[in-house]
Amino acid sequence: MSFTLPRLEYSYDALEPHIDARTMEIHHSKHHQGYTNNLNSAIVGSENESKDILEILSDLDMTNMALRNNAGGYYNHKLFWEVMNPNTENVMSEGLKLAIDESFGSFESFRDAFSKAAATRFGSGWAWLCVKNRQLEVCSTPNQDNPLMPNGCGGTPILGLDVWEHAYYLNYQNRRPDYINAFFDVINWGVISEKFEQSS
Ligand code: MN
């Protein structure tokens, strides 16, 4: 199959002032489009052409850098747009609330752990909240790697934060911690609760 750029379910300026429209436009229409095009180039003529993205990621040959970077980039950004959707109800389910309390002690402890994972990722990468055996875990990965890849931190990601400079530089320059705080203002916990129910 060939992949197409996932539609953004909201306008580029919908996350202002936390994430600016120019950043969103470049990030979605240029960066994500690039990963999508390069993923298609990386699978053409191979057995990966018949797989969906989850199969590609779980079967991945980690030495195939073109496929690793672009399958990761395709999947990671798709999740990233979804978890910031401002157009659906933003209410955390009781199940997710309970799981956060059980796994981290409190929402604030979870937020600290996630923010630390995002802030301390050296260079480019992602911070994740994953479901693993009904428990929640925070981890981070470099570049466009993700928890679903072989030797990744494991589990099913239900929240991901892009900490590549292209995700925040226009608005925040070197102030990654400010961008991480702003992300918490645009997370849609309703979307994440649905992903939690589906993966646990
Ligand atoms: Mn990105």
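## A strand hairpin

Val131 stands opposite Leu136 of strand S2 in this predicted model. The two strands concerned, S1 (residues 125–132) and S2 (residues 135–142), pair in the antiparallel sense over eight bridges; pairing requires that DSSP find at least two bridges between two strands. Strands are DSSP runs of E with at least two residues, and helices are runs of H or I with at least four, both numbered from the N terminus. S1 and S2 form a hairpin with two residues between them, and Asn133 in the turn has a positive phi of about 50 degrees.

## Cysteines

Cys139 and Cys153 form a disulfide with their sulfur atoms 2.0 Å apart, the criterion being a pair of cysteine sulfur atoms within 2.5 Å. Cys139 lies in S2 and Cys153 in the loop between S2 and S3, so the bond ties together parts that are 14 residues apart in sequence.

Cys130 is buried, with a relative accessible area of 1%; buried means under 20%, exposed over 50%, and partly exposed in between (1.4 Å probe, protein chains only). Cys139 also counts as buried, at 14%, whereas Cys153 is partly exposed, at 24%.

## Basis of the values

Residues are numbered from 1 along each chain as its sequence is written. In this predicted model, local features need pLDDT of at least 70 and side-chain atom pairs count only at pLDDT 80 or more, while totals for chains, interfaces and linings use all residues; side-chain values use heavy atoms, without hydrogens and water.
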